[in-house]
Amino acid sequence: MAGESLPEFNYPKDVLQPLLSASNSSSLQQALEILIKNSRAAVGRAELASKNILPTVLKLVESLHHASSQEYLMQAMKLLRNLCAGEVANQNSFVEHNGIETVLTVLRSAALLSDPDFGIIHLSLQVLANVSLAGSELQEAIWHKLFPNEFFILASIHSLETSDPLCMILYTCCDGKPGLAIELCRDPGLPIVAGIIQTVASGNASEDGGNTALGDKVFSSEQAFLLQIISEILNERLNEVRVPNETALCVLGIFKRSVSIVDFGARAKSGLPTGSTSVDVMGYSLIILRDICAQEGLRELKKDSVDVVDLLLSDDLTDVILSLLHDLEPPAIIRKTLKDSENQELNLGSTKLCPYKGFQRDLVAIIGNCAYRRKNVQDEIRQKSGILLLLQQCVTDDDNPYLREWGIWSLRNLLEGNAENQQIVADLQLQGSVDMPELARLGLKVEVDQNTHCAKLVNIPGSYTKPVERVGPLKFMGKMSIREPQLYIQAHHTATFTKSKC
């Protein structure tokens, strides 16, 4: 607004004088500009709080609203927003002087216009968002004033500019208050959530340019966006959020349906989100399932409680994952080895390509999390010839970042405490060579018995090998599903495995 002159306004003298005095200025326009600038800093807000300027600003807002002076009102709302940002004295004064009702009056008027005033709505919501951070008492006061009618009207305004502070208010009010969260997730709260999802999802879709694939006619952008948000929240709060069994089965159902729709004929160009609604629905539902399975490894089951992983397994989770993993083309390094080798035993006749970068890794991650200390899963994977398939995933792959680490994690969980699975690996025949510089630095090398073709670890003559203490089983790390796992052994594999007896 600098350099521009606001129109004349007949303001009350008792409102003008404190503002002119606090800003050391001679006009309302100048006063607002100076006070807005000063209130951007914490020290400026504290100084204005000591002068008890907030009640005067509220009176100014009321006067400007009744006078329909939008230019001045915008400036006054900016000042009010700044004053309420983290300054407890101002926040308390806001409540004491009926600030919620004052802002709500302005908000209603702007929202109910045939052409809503997004600027005023945005500023009003920012004021309430700042105030909501002051504590549970103010949060409940805001909630009871706005829920559900006012929230619904605001959620129906399909503007990304207004949905951001609205979401902040809803989140702050519901955080740590299960009762309010339940209200929001039931009638009449669900239409509020639906309105926000529609607004944000449509904004994302317009940025991506849309997609007209078959799957995108089955799933909506709102569904993909909701699954993305759920996956992010679950991933960030793995130890806090409990997924109900019914929800887990619902996600598995969504995943199965998406698998039947997605086109696996095109190689992925990016990770999630891809811009294809069907692929994104499949990917985010897969990630949610991965983290649900990780949760069960982090907690002790209560007596008579149902293990959600067992519930998912009973609904063919393992079959679906192994089938997809089997049908996908092997990682690039495996494909190259097969191409160069006369042995075609591992040629699976794959016809499917990863629809997004990381898809194969996420499939492997679910196997690893499900197999953690579950002998029934370990045995099932072996009986379905899955161990050799999982061995192929213990390699680096450009299209699947951290595939190797997840492959090692999964194989570790499949072998732990399972003699039958360990014997399967022990009976594998090594073909070709394995370049492992880490072993060389330890004074070790891999030799292959020419008669049995079994690999064995031996000392390199003239080298010193530091004794390695025996360690117990690797402790399950739930963070494997929160962030990319740590690297365990950095080796460059150029070997394939086939079954044989040593």
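**Entry 1: largest cavity**

I looked up which element gives the largest share of the lining of the largest cavity, and found α7, with four residues. I am working on a predicted model. Two elements, α7 (99-111) and α10 (149-155), each supply at least two residues of this lining. I then listed the lining of the largest cavity by residue: Leu-104, Leu-107, Arg-108, Ala-111, Leu-112, Glu-150, Ile-153 and Leu-154. I noted the classes for this lining as six nonpolar, no polar and two charged. The volume of the largest cavity came out at about 40 Å³. I also asked how many cavities of 30 Å³ or more the structure holds. I found two.

**Entry 2: largest pocket**

I turned to the largest pocket and noted a volume of about 1,900 Å³. I counted 45 residues in the lining of the largest pocket. Which of them lie nearest its centre? I wrote down Cys-185, Leu-226, Ile-229, Ile-230 and Ile-233. Next I checked which elements give two or more residues to this lining, and recorded α11, α12 (178-184), α13 (190-208), α15 (221-236), α16 (245-259) and α17 (277-298). I found that α15 gives the most to the lining of the largest pocket, with 10 residues. By class, I have 32 nonpolar, four polar and nine charged residues for the lining of the largest pocket.

**Entry 3: α9 against α11**

Helix α9 covers residues 136-146 and helix α11 covers residues 160-174. I read an angle of about 120° between the two, with their axes 9 Å apart. Are they roughly perpendicular or oblique to each other? The roughly perpendicular range runs from 65 to 115 degrees and roughly antiparallel begins over 145; α9 and α11 are therefore oblique to each other. For the handedness, I noted that α9 passes α11 in a left-handed crossing.

I then went through the contact residues. From α9, I have Gln-139, Ile-142 and Trp-143. On the α11 side, they meet Ile-169, Leu-170, Thr-172, Cys-173 and Cys-174. I sorted the contact of α9 with α11 by class and got six nonpolar, two polar and no charged residues.

**Entry 4: class counts side by side**

- For the lining of the largest cavity, I have six nonpolar, no polar and two charged residues.
- For the lining of the largest pocket, I have 32 nonpolar, four polar and nine charged residues.
- For the contact of α9 with α11, I have six nonpolar, two polar and no charged residues.

Notes. Residues are numbered from 1 along each chain as its sequence is written. This is a predicted model: local features need pLDDT of at least 70, side-chain atom pairs count only at pLDDT 80 or more; totals for chains, interfaces and linings use all residues. Side-chain values use heavy atoms; hydrogens and water are left out. Axes are lines fitted to C-alpha atoms, for helices over the stretch in contact, and angles run from 0 to 180 degrees between N-to-C directions. Angles under 35 degrees count as roughly parallel, over 145 as roughly antiparallel, 65 to 115 as roughly perpendicular and the rest as oblique. A crossing is left-handed if the near helix is turned anticlockwise from the far one by less than a right angle, and right-handed if clockwise. Contact means heavy atoms within 4.5 Å. Ala, Val, Leu, Ile, Met, Phe, Trp, Tyr, Cys and Pro count as nonpolar, Asp, Glu, Lys and Arg as charged, and the others, Gly among them, as polar. On a 1 Å grid over the protein atoms alone, a cavity is a set of points where a 1.4 Å probe fits but cannot get out, and a pocket is an open set with protein on both sides within 12 Å along at least five of seven lines; lining residues have an atom within 4 Å of a point. Grid points are joined across faces, edges and corners, and a volume is the space filled by probe spheres set on the points.
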